[in-house]
Amino acid sequence: VKGKAKKATKLAKPVEQAAVLGAGIMGGGIAYQSAVKGTPVVMKDIAQPALDLGLNEAAKLLGKQVERGRLKPDGMAKVLNNIVPSLDYAPVAHADVVVEAVVENPKVKGIVLAEVEGVVAEDAVLASNTSTISIDLLAQSLKRPENFCGMHFFNPVHRMPLVEVIRGAKTSDETVAKVVAYAAKMGKTPIVVNDCPGFFVNRVLFPYFAGFSLLLKEGADFQQIDKVMSKQFGWPMGPAYLLDVVGIDTAHHCLDVMAAGFPERMGKMENDPVDLMFKADRYGQKNGKGFFQYA
Ligand code: NAD
C-alpha cells in the first residue's frame, strides 16, 4: 500500500460489522476468520443446508482450538455468536463491509452485488472474492463502483495469510483502505493489486503449472517432479498435489481465463495434461481422484 492509499488506511474507520454472501467453502471460511478475530459477521446464503454447513465447519475448527487448549469453551461460544446466519438481506443492512463469495458466475455475482448495494448504507464497501472475474466488469452492476473492489482470499481461509485486494478503475482510495484494514484485522497480509486476469498470485502460479504440464508432455513423471519440488526443493507441496488441492476443474477454468487474457504468453496448450484430467473427471481432492488417488 503506497501513497494516498497508505494514508487512507491509517484514517480508515474500523470495520465493526461485516457480512459475507455465500456460506460455501470460501464464504464459511471468511465468516469464521472474521468472527475469530473479533468482527461480528452476518453469513447470508440462499440455502439453509449451506448455512448449516458453514456453521458446522466453524464449530469444528473452534473445537480443535479448544482441544489444543488455545481457546476456552466459553470463547468458542462467543465466536460462534459472532456469526449470524441468514437467508435474507435484512441483517446485512448494518454491515460496513460486505464480502461477496457466491458461485463463480458473473451474472449471479452481478445480481447479488446490485441487490446488496440496495440494502447497505451509502458508505458501505462491497468486495468480491472472485478468483477470475474482472472487478471492472462486476463494477458495471453497481451504482457506486467507487465503493467496490476485489478481496481475494485463498483456500483454506484460516490457514492462508495472503489476501489480494484488487483495485478496479473506479475503486476509491477509501475503499481500498477499508478493505486493507479489515484484512489486517482478520490477521491476514493484504496486498493491493490492479485488476487483470489472474490478479497477482495466479499470474505467478499458472506459468509454473504450464511449466509442469510441458515437462509431463515431454514424458516426465509427476510423482518425481512433486518429490523434487517438495522434499528436495523445500516447497510445501509439488505442482501435481497443489493442482489436486486447488481443484483440476478450477485450474482448468483459470487456464482459459489466463489464455484469453494473455494469448501470447499463456495460450492454450494442445493436449494439456490439466485438460485431459478435467475431461476424465479427475478434479483432485474434491472428488477423490486427481493426479493422486484420495478415496
Ligand atoms: P461454493 O460452491 O462452496 O459456495 C458458494 C455458495 O454460494 C453456496 O453455498 C451457494 O448456496 C451460495 N449462493 C449461490 N447463490 C447465492 C446467492 N444469490 N446469494 C447468496 N448465496 C448464494 O463456492 P466457493 O468455492 O466457496 O467459491 C465462492 C467464490 O470464491 C467464487 O467466486 C470462487 O471463485 C472464489 N474462490 C474460491 C476458492 C476455492 O478454492 N474454492 C479460492 C478463492 C476464491
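Let's start where two helices meet: Gly27, Gly28, Ala31 and Tyr32 in α2 touch Leu53, Gly54, Glu57, Ala58 and Leu61 in α3. Contact here means that the C-beta atoms of two residues, placed from the backbone, lie within 7 Å. Sorted by type, the residues of this contact are 5 nonpolar, 3 polar and 1 charged; Ala, Val, Leu, Ile, Met, Phe, Trp, Tyr, Cys and Pro count as nonpolar, Asp, Glu, Lys and Arg as charged, and the others, Gly among them, as polar. Before going on, please note that this is a predicted model, in which local features need pLDDT of at least 70 and side-chain atom pairs count only at pLDDT 80 or more, while totals for chains, interfaces and linings use all residues. Residues are numbered from 1 along each chain as its sequence is written.

Helix α2 covers residues 25–36 and helix α3 residues 48–67, and they pack at an angle of about 50 degrees with their axes 9 Å apart. Helices (H or I, at least four residues) and strands (E, at least two) are DSSP runs, numbered from the N terminus. The angle makes α2 and α3 oblique to each other, a label for angles that are not under 35 degrees (roughly parallel), over 145 (roughly antiparallel) or 65 to 115 (roughly perpendicular).

The largest nonpolar core has 57 residues, of which Val20, Val97, Val98, Val165 and Val179 touch the most other members. Such a core is a set of buried Ala, Val, Leu, Ile, Met, Phe, Trp, Tyr and Cys residues joined through C-beta atoms within 7 Å. Helix α7 (residues 173–185) gives this core its largest share, 7 residues. A separate, second core of 18 residues includes Tyr241, Leu242, Ala251 and Val274. Leaving out residues up to four places away in sequence, the contacts of Val165 include Cys149, Met151, Val176, Val179 and Ile191.

Aspartate 173 sits in helix α7 and counts as partly exposed because it has 19 C-beta neighbours inside 10 Å. Methionine 76, in helix α4 (residues 73–81), has 17 such neighbours inside 10 Å and so is also partly exposed. Asparagine 105 belongs to the loop between β4 (97–100) and α5 (106–117), and with 12 C-beta neighbours inside 10 Å it counts as exposed.

Technical notes:
Axes fitted to C-alpha atoms, helices over the stretch in contact; angles between N-to-C directions. Buried ≥ 20, exposed ≤ 12 C-beta atoms within 10 Å, placed from the backbone.
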